[in-house]
Amino acid sequence: MLPRIADSLSFLYLDMVRVVQDDTGVCAQIQVNEDRTDTVYIPTAALTCLLLGPGVSITTRALTTLARHGTSVVCTGAGGVRTYAGILPDSLTTHWLERQVTAWSDPQRRLDVAVRMYEMRFGEDTVPDGTTLAQLRGMEGQRMKALYKLLANKHGIGRFRRNYHPDQWHQQDPVNLALSAANTCLYGIVHAAVLALGCSPALGFVHTGTQHAFVYDIADLYKGESTLPVAFSLHQATNPEQEARRKFREDLRLVRLLPRIIRDIQTLLSPGASSDDDLAEGHDVRMVHLWDPKTGPLPAGVNYAPDGD
């Protein structure tokens with residue numbers, strides 16, 4: 001039995017290695033010199049997300065094992081440009097996907113989820129009735145400006161402005177570089193959690209127009225307490241991207257983020273659920289059912305032809 005997603009390791013970042021499958025398992029081969037190659041085995045069954053940086057090659061056998069264990073693979077290119085390769089375990093049900101689609105397809109329910117995201121993110125008890133999505137975005141912008149200013153003053157930095165320009169990557173300041181690198185790791189972890197629940201990364205409630213809209217929605221819940229403090233603490237770093245990944249990993253050892261992500265997604269999509277059964281991850285293998293608009297799900301594998309000739 002594979003570990004539950006909430007109990008898994010967060011992520012592993014690799015670069016300049018060859019990932020292969022041998023008789024023991026998936027391993028990373030590191031070419032030290034012409035005569036020496038070090039081998040490090042990867043705990044794929046207990047790993048949520050594998051980040052593949054520049055210089056990584058991977059075999060199809062290794063990818064097959066990662067797919068079988070439900071490990072998300074995230075390829076990160078030079079300059080922090082992100083592309084995601086989602087690998088789904090075949091034991092997932094559509095329970096949470098159906099709840100996501102139901103909330104996403106109804107404008108009022110979609111707004112309700114966005115409001116819950118804002119309240120979860122900033123600790124507000126209630127958002128005034130009739131608040132529009134545009135007003136929520138304005139409230140969020142004010143909160144983020146205040147947080148930027150607070151962190152900048154704490155670390156003795158002048159005025160900070162968030163910039164993300166892949167075409168001018170090395171011209172950016174260390175804080176922006178570190179924040180982009182840390183966010184890449186956070187997106188990979190959230191993306192893996194979203195897939196583990198069987199939800200769609202593309203159906204966002206605040207973000208839209210990208211295959212990772214829901215990933216960005218959920219990741220925004222944690223940036224203020226995870227990636228932003230890490231990035232501002234590295235304002236004088238000589239290699240902010242590498243140091244951001246390492247510091248972010250160290251912080252994750254102290255805070256079990258994956259169980260929180262799983263619980264938060266479930267609470268957002270099903271706010272009335274409270275029991276462990278209602279908030280189950282849905283990894284158990286279940287029989288496929290047939291849809292019926294009047295009676296609800298019907299058992300599959302049954303001949304429903306009328307009796308008689």
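1. N183 counts as buried, with a relative accessibility of 4%. The cut-off behind that word is under 20% relative accessible area. N183 is found in helix 5, which covers residues 174-197. Setting aside residues up to four places away in sequence, N183 touches R162, K223 and T227. As with everything below, these values come from a predicted model.

2. Q100 lies in helix 2, and Q100 counts as buried because its relative accessibility is 0%. Apart from neighbours within four places in sequence, Q100 is in contact with C199, S200, L203, F205, F214 and L269.

3. How do the axes of helix 2 and helix 3 cross? Helix 2 (residues 95-105) and helix 3 (residues 107-122) have axes that come within 5 Å and cross at roughly 110°. The two helices are therefore roughly perpendicular to each other. On the helix 2 side the contact is made by T102, A103, W104 and S105, and on the helix 3 side by P107, R109, R110 and V113. Sorted by class, this contact has 4 nonpolar, 2 polar and 2 charged residues.

4. Next come the aromatic rings. A search of the whole structure finds 6 aromatic pairs. In one of them, Y118 and F122, the ring centres are 4.8 Å apart and the planes stand at 50°, so the pair is tilted. Y118 and F122 are 4 residues apart in helix 3, which means about one helical turn separates them. An α-helix has 3.6 residues a turn, so residues three or four places apart point the same way. Both Y118 and F122 are buried.

5. A second pair is made by Y148 and F160. Their rings are edge-to-face, with 5.2 Å from centre to centre and 75° between the planes. Which parts of the chain does this pair tie together? Y148 lies in helix 4 (residues 133-154) and F160 in the loop between helix 4 and helix 5, so the pair links parts that are 12 residues apart in sequence. Y148 is buried, and F160 is buried too. With F232, Y148 and F160 form one aromatic cluster.

6. The buried residues of helix 1 (residues 60-68) are A62, T65 and L66. These three cover an arc of only 100° around the axis, which puts them on the same side of helix 1. After helix 1 comes G70, whose phi is positive, near 70°.

7. Last, some totals for the whole protein. The protein has 9 helices and 10 strands. Of its 309 residues, 42% are buried. Taking contacts between residues at least 6 apart in sequence, 60% join residues at least 24 apart.

Methods
Residues are numbered from 1 along each chain as its sequence is written. This is a predicted model: local features need pLDDT of at least 70, side-chain atom pairs count only at pLDDT 80 or more; totals for chains, interfaces and linings use all residues. Side-chain values use heavy atoms; hydrogens and water are left out. Buried means under 20% relative accessible area, exposed over 50%, partly exposed in between (1.4 Å probe, protein chains only). The arc is that of the directions from the helix axis to the C-beta atoms. Axes are lines fitted to C-alpha atoms, for helices over the stretch in contact, and angles run from 0 to 180 degrees between N-to-C directions. Angles under 35 degrees count as roughly parallel, over 145 as roughly antiparallel, 65 to 115 as roughly perpendicular and the rest as oblique. Contact means heavy atoms within 4.5 Å. Ala, Val, Leu, Ile, Met, Phe, Trp, Tyr, Cys and Pro count as nonpolar, Asp, Glu, Lys and Arg as charged, and the others, Gly among them, as polar. Rings of Phe, Tyr and Trp (its six-membered ring) pair if their centres lie within 6.5 Å; planes under 30 degrees apart count as stacked, over 60 as edge-to-face and the rest as tilted.
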